[in-house]
2 protein chains.
Amino acid sequence: MFSRSSSSITFFFIVSLLAVLINPAISSRASSSFTKHTQHSSIASNCESWRLASETNNAGSWKVVPSRCVNSVKNYITGGQFENDYNIVARYAIAYAKRVKLGGDGKDAWVFDIDETLLSNLEYYKALGYGSEPYDDTKFNEWAVQGKAPAFDASLKLYKALKRLGFTIILLTGRDESQRSVTAKNLRDAGYFGWNRLLLRGKNDQGKTATQYKSEQRSKVVKEGYKIHGSTGDQWSDLQGFAVAARSFKVPNPMYYIA
Amino acid sequence: MFSRSSSSITFFFIVSLLAVLINPAISSRASSSFTKHTQHSSIASNCESWRLASETNNAGSWKVVPSRCVNSVKNYITGGQFENDYNIVARYAIAYAKRVKLGGDGKDAWVFDIDETLLSNLEYYKALGYGSEPYDDTKFNEWAVQGKAPAFDASLKLYKALKRLGFTIILLTGRDESQRSVTAKNLRDAGYFGWNRLLLRGKNDQGKTATQYKSEQRSKVVKEGYKIHGSTGDQWSDLQGFAVAARSFKVPNPMYYIA
């Protein structure tokens, strides 16, 4: 695990350097004409590899986007590829949901995370350099209580499709219980209606990792007789642990990592 | 799950079409100048999204690379990005392994898959259009028994680093027990030595999914007192299920999917 930002960045620089030295495709180009373009290409290539390693959870925990990749992350998000990646995950989820045979007893559940899954805080992270600054609890809460985060279009489509198909929607967020009403209002303002329950971190959940807290909450839901057919989250900690869904859908998020 | 190649391809075409129609970035470009370049861009973008969806296991099961993306997969593999992605995963694995506190009792294990993890069958898949043809058991076995698959450089480095650190190496493959000696010889020829055991599919494992078979094998290993600190595979079925490793490292493979 790379739990310190400095070690994470250091590691990334070493990786980048080693990649240039070792990768024959890059080093041969580099030795023949080490132009700015080549330099850019190897940074671009390494940042793409970093993003894939993060999306597949190979990179483990990290605190900030490696400084060399901030521009690459910005371009990814603002250039349309992030949106395209996001949309396709949601469509795979809809296609899967349509194939699920529902029991018809209201116990067929789908679990959604909220931040960067149903609601987009992109405006907030844009102002903070697309993940180049470490997570700041106070600042984020100031933004969250304003309740003006919009929906991801793709998630709203998925949410509505699941409602139409007859799934019971369970919302499971790392946000604190104290933010219940502002979160519910924000969700409704963004177009989300008719969830079965909204689960937030209570007193007993403080200090737990997201994986532990979310697994415990899913476990309670399963003990009530629900079958969790699907789960959507932007973090692996939304999806892994115990009482996991039959199918998990990881939407992309190159801006932050929650263990 | 998209277990039929035809439905998988159909779905992908629908996704591509919808993406062009819905994604504002693409549709605005498309309406202003629907050039070949734009068309190429949207195919490239969708194939990148497909590849990410596959690497993150969002796409579920698939039989062949979507025909529109075969060229994109070929370019990914031959252009250096595949190698770069692969190397960085292996380096994250080494960095993690160095931080593991070993018990010193020989029970600290690392589990490796073989095909597309320790050994590269790229020469075989290249001849078959980089995953554009469905998996053919007979053909693959004809290739495998020749025993001439080379190592992935990054995996050999990881393997050797783990040996030096004192990990017990366990090889767990979907190959059949009948291929034990040819597989062991191929591994040694490729530079791999000193594994603790080589686990292949026996009589009782026929017909099981890879996830089930591999989980059962890991479970036996755990019951013997081993602690599986890490696991490396190119398929999610190498890594998920039960008795999973503390950390899993998914190396990229855009050419085939094993459930």
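Student: What's the handedness of the link of B:Cys47 and B:Cys69?
Tutor: The B:Cys47 and B:Cys69 link is left-handed, with -85 degrees about the S-S bond. It's a disulfide (a pair of cysteine sulfur atoms within 2.5 Å), and S to S comes out at 2.1 Å. Keep in mind that this is a predicted model, where local features need pLDDT of at least 70, side-chain atom pairs count only at pLDDT 80 or more, and totals for chains, interfaces and linings use all residues. Residues are numbered from 1 along each chain as its sequence is written, chains are lettered from A and ligands numbered from 1 in the order in which they are written, and side-chain values use heavy atoms, with hydrogens and water left out.

Student: Which parts of chain B do B:Cys47 and B:Cys69 lie in?
Tutor: B:Cys47 is in helix 3 (residues 36-55) of chain B and B:Cys69 is in the loop between helix 3 and helix 4 (70-78), so the pair ties together parts that are 22 residues apart in sequence. Helices here are DSSP runs of H or I, at least four residues, and strands are runs of E, at least two, numbered from the N terminus.

Student: Are B:Cys47 and B:Cys69 buried or exposed?
Tutor: Both B:Cys47 and B:Cys69 are buried. Buried is under 20% relative accessible area, exposed is over 50%, and partly exposed is in between (1.4 Å probe, protein chains only).

Student: How many disulfides does the structure hold over all chains?
Tutor: Two, over all chains. In chain A, A:Cys47 and A:Cys69 form a disulfide with sulfur atoms 2.1 Å apart. The torsion about that S-S bond is about -85 degrees, so the A:Cys47 and A:Cys69 disulfide is left-handed. A:Cys47 and A:Cys69 are both buried.

Student: Switching to helices. What covers the buried residues of helix 8 of chain B?
Tutor: The cover includes helix 5 (81-99), strand 1 (108-112), strand 2 (168-176) and strand 4 (227-233) of chain B. The buried residues in helix 8 of chain B are B:Ala154, B:Ser155, B:Leu156, B:Leu158, B:Tyr159, B:Ala161 and B:Leu162.

Student: What span should helix 8 of chain B have?
Tutor: Its 13 residues (153-165) should span 18 Å at 1.5 Å a residue, and the end C-alpha atoms are 18 Å apart, which agrees. The expected span is 1.5 Å times one less than the number of residues.

Student: At what angle do helix 5 and helix 8 of chain B pack?
Tutor: About 5 degrees, with axes 9 Å apart. That makes helix 5 of chain B roughly parallel to helix 8 of chain B. Angles under 35 degrees count as roughly parallel, over 145 as roughly antiparallel, 65 to 115 as roughly perpendicular and the rest as oblique. The axes are lines fitted to C-alpha atoms, for helices over the stretch in contact, and the angles run from 0 to 180 degrees between N-to-C directions.

Student: Which residues of helix 5 of chain B meet helix 8 of chain B?
Tutor: From helix 5 of chain B they are B:Tyr86, B:Asn87, B:Ala90, B:Ala93, B:Ile94, B:Ala97 and B:Lys98. Among those they meet in helix 8 of chain B are B:Leu158 and B:Leu165. Contact means heavy atoms within 4.5 Å.

Student: How many residues of helix 5 of chain A are buried?
Tutor: 16 of its 19, so to speak mostly covered. Helix 5 (residues 81-99) of chain A reaches 28 Å from first C-alpha to last, close to the 27 Å expected at 1.5 Å a residue.

Student: What's phi at A:Asn57?
Tutor: Near 70 degrees, which is positive in a residue other than glycine. Most residues other than glycine have a negative phi. A:Asn57 is in the loop between helix 3 and helix 4 of chain A, and at 14% relative accessibility A:Asn57 counts as buried.

Student: And where does A:Glu116 lie?
Tutor: In the loop between strand 1 (108-112) and helix 6 (122-127) of chain A. Phi of A:Glu116 is positive, near 65 degrees, and at 2% relative accessibility A:Glu116 counts as buried.
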